[in-house]
Amino acid sequence: MLFSMIDWSTTLLEVDAKHLKTDRILRISADGDQIWTTDCWDDVPSYTTSIRLRRSAPTASMMEFAASRGRVCPSVVLAVSGNPIKWLQNHNAAGPGPEYHIPLWRRVIARLDRDLYLPEDLPAAHRGRMDIAVSFRLGSDCRPVHDWIQTAALHSRSRQGTMITCTKAQTKPKIIRCILTKDQGERP
């Protein structure tokens, strides 16, 4: 394996986001009663990509974790979604792995002009989705691996379509890039 890195992350973070202003969506009954409301995502562009921010309620595990650290988790926390590596450096050809998930979001939040602050020590977080890109060096005889990946791509499906996509830069690839995404709760 050459490396693994975060390709996409959707996470709730222990950041007081009450003051974050976003559009809202309302559902109103035929009688005029408000049934529910939700915050819309706010796009924050950088270079050629964006991350998205919105307000959200913390999970029970976030509140418990913050309490174990002697803090009270805010009643409205920050939801972030996007590719933090590409947002910070304009490419995601190489970057830190999943073990740097929270430090990456800390760097992104520090660059935002939104008065958002993470706790100094480890913040409470809830990771809803994380895509990880992994690259392998296969050497000169990678045809059997390439055939297996193509077969897996043909027969693996998710709600969004193909779960595995492959790119091949040359006729005889020495490196094959595979992206495998798996929705939480989906059975293999």
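**Patch, cores and charge pairs in a predicted model**

Me: Which residues form a nonpolar patch on the surface, with about 280 Å² of accessible area together?
Reply: Patches are built from residues with over 30% relative accessible area and no salt bridge, joining nonpolar side chains (Val, Leu, Ile, Met, Phe, Trp, Tyr) within 5 Å and like charges within 9 Å. The areas come from the Shrake-Rupley method with a 1.4 Å probe, and for residues only the protein chains shown count as cover. The members of this nonpolar surface patch are Ile25, Ile35 and Trp36.

Me: Which pLDDT do local features need in this predicted model?
Reply: Residues are numbered from 1 along each chain as its sequence is written, and side-chain values use heavy atoms, with hydrogens and water left out. This is a predicted model, in which totals for chains, interfaces and linings use all residues, side-chain atom pairs count only at pLDDT 80 or more, and local features need pLDDT of at least 70.

Me: Why does Trp36 count as partly exposed?
Reply: Trp36 is found in strand S3, residues 34-39. Here buried means under 20% relative accessible area, exposed means over 50%, and partly exposed lies in between (1.4 Å probe, protein chains only). Trp36 is partly exposed because its relative accessible area is 39%.

Me: Which residues touch the most other members of the largest nonpolar core?
Reply: A nonpolar core is a set of buried Ala, Val, Leu, Ile, Met, Phe, Trp, Tyr and Cys residues joined through side-chain atoms within 4.5 Å. In soluble globular proteins, nonpolar side chains tend to be buried together. Of the 24 residues in the largest core here, those touching the most other members are Leu13, Ile51, Leu53 and Leu78.

Me: Which element gives the most to this core?
Reply: Helices (H or I, at least four residues) and strands (E, at least two) are DSSP runs, numbered from the N terminus. With five residues, the element that gives the most is H3.

Me: Which side chain makes a polar contact with the side chain of His101?
Reply: His101 sits in helix H3 and counts as buried, because its relative accessibility is 6%. Leaving aside neighbours within four places in sequence, its contacts (heavy atoms within 4.5 Å) are Ile6, Ser9, Thr11, Arg127 and Met130. A polar contact is a pair of N or O atoms within 3.5 Å; within protein, one must be able to donate a hydrogen and the other to accept it, and residues adjacent in sequence count only if both atoms are side-chain atoms. At 2.9 Å, the partner of the His101 side chain is that of Ser9.

Me: How many residues apart are Glu14 and Arg71?
Reply: A salt bridge puts a side-chain nitrogen of Lys or Arg within 4 Å of a carboxyl oxygen of Asp or Glu, and Glu14 and Arg71 meet in one at 2.7 Å, N to O. Both residues are buried. Glu14 lies in the loop between S1 and strand S2 (24-28) and Arg71 in the loop between helix H1 (60-68) and S6, so the pair links distant parts of the chain, at a separation in residues of 57.

Me: Which residues are linked in a network of salt bridges?
Reply: The whole structure holds five salt bridges. In one of them, the closest N and O atoms of Arg24 and Asp39 are 3.2 Å apart; Arg24 is in strand S2 and Asp39 in strand S3. Arg24 counts as partly exposed at 40% relative accessibility, whereas Asp39 counts as buried at 10%. The network is made of Arg24, Asp39 and Arg55.
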